[in-house]
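Thanks for making time this morning.

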Amino acid sequence: MRLILLGPPGSGKGTQAQRLVHKHGIVQLSTGEMLRAAVAAGTPIGLQAKEIMANGGLVPDEVVVGIIADRIEQPDAKKGFILDGFPRTVPQAHALDELLRKKHLKLDAVVELRVNESALLDRVEKRAEETRARGEEVRLDDTPEVLTKRLAQYRSLTEPLIHYYSERRKLLTVDGMMTIEHVTREINRILTAIGALEPKAAESAKSTAAAAKKPAKPAARPAKKAAATSRAAKKAAKGAKKTAKPARKAAKVAKKAKKVAKAKAAGKGRKTAKKAAKKLTKKRAKR
């Protein structure tokens with residue numbers, strides 16, 4: 001899944017990008033971070049960018065596209081990515097299309113978060129007031145004045161991309177004024193509808209969410225059943241033991257009786273022999 005999130009500053013692109021990253025295992029590609037990483041790694045394009053930035057110049061589109069080309073070749077980007085901060089202009093969008101064409105990749109969708117600019121200004125103004133009330137210093141880039149300038153720049157440079165991607169049937173619009181949860185659900189719904197999310201993955205994500213909401217069934221019943229089975233087994237063993245006791249007693253009595261009978265038989269035999277011997281002695285004496 002390869003996406004671009006479009007929207008003015010403060011529309012929630014960063015928040016939604018992170019949610020998509022965590023849910024679908026894709027990576028967020030920030031041009032600023034990629035530039036810094038390329039410079040730190042000392043890649044040929046990174047060294048070129050470093051020299052331009054050291055002289056105070058703006059990194060040209062071809063250098064940024066070259067850095068993106070290197071980054072999407074890395075293993076963690078194979079499953080998909082979200083481009084953050086690029087393209088900002090129509091020429092950059094043309095350059096990205098050419099890059100993806102050469103790599104035989106396609107852009108699945110461009111998601112526009114449509115917001116009310118006056119509501120954004122009110123939100124920033126309120127946040128600045130709350131920061132001052134806490135005794136903290138308001139960030140220079142988090143004031144209504146700075147946001148007004150950034151919104152004007154977005155309208156003149158980036159907003160034309162909405163028409164550009166709409167013509168190519170890549171644009172999907174979501175109401176960015178909804179709650180964060182509602183925006184996330186709507187993005188996932190439309191991505192599933194256009195086939196950007198695989199049905200199995202979408203179904204798995206839905207099942208996981210349903211399982212998380214559903215209260216877990218208590219495991220007491222299987223344990224109770226096992227305990228009952230164990231008690232029944234003990235009872236049966238006790239009964240068998242009880243039944244075996246009289247049998248053992250009878251066997252013991254029979255053994256004793258046999259022993260007595262044997263002893264009696266032996267005694268009787270001795271008596272008869274003694275009597276016969278005595279009789280024989282008398283006969284001999286008469287002779």
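Helix H9, residues 180–193, has 14 residues and should span 20 Å at 1.5 Å a residue, and since its end C-alpha atoms are 20 Å apart, the two agree; the expected span is 1.5 Å times one less than the number of residues, and helices (H or I, at least four residues) and strands (E, at least two) are DSSP runs numbered from the N terminus. This is a predicted model, in which local features need pLDDT of at least 70 and side-chain atom pairs count only at pLDDT 80 or more, while totals for chains, interfaces and linings use all residues. Residues are numbered from 1 along each chain as its sequence is written, and side-chain values use heavy atoms, with hydrogens and water left out.

Which residues of H9 are buried? They are Val183, Thr184, Ile187, Asn188, Ile190 and Leu191, where buried means under 20% relative accessible area, exposed over 50% and partly exposed in between, with a 1.4 Å probe and protein chains only. These residues cover an arc of only 165° around the axis, which puts them on the same side of H9; the arc is that of the directions from the helix axis to the C-beta atoms. An α-helix has 3.6 residues a turn, so residues three or four places apart point the same way.

Turning to the loop between helix H5 (90–102) and S4, we find Asp108 there, and Asp108 is buried, with a relative accessible area of 15%.
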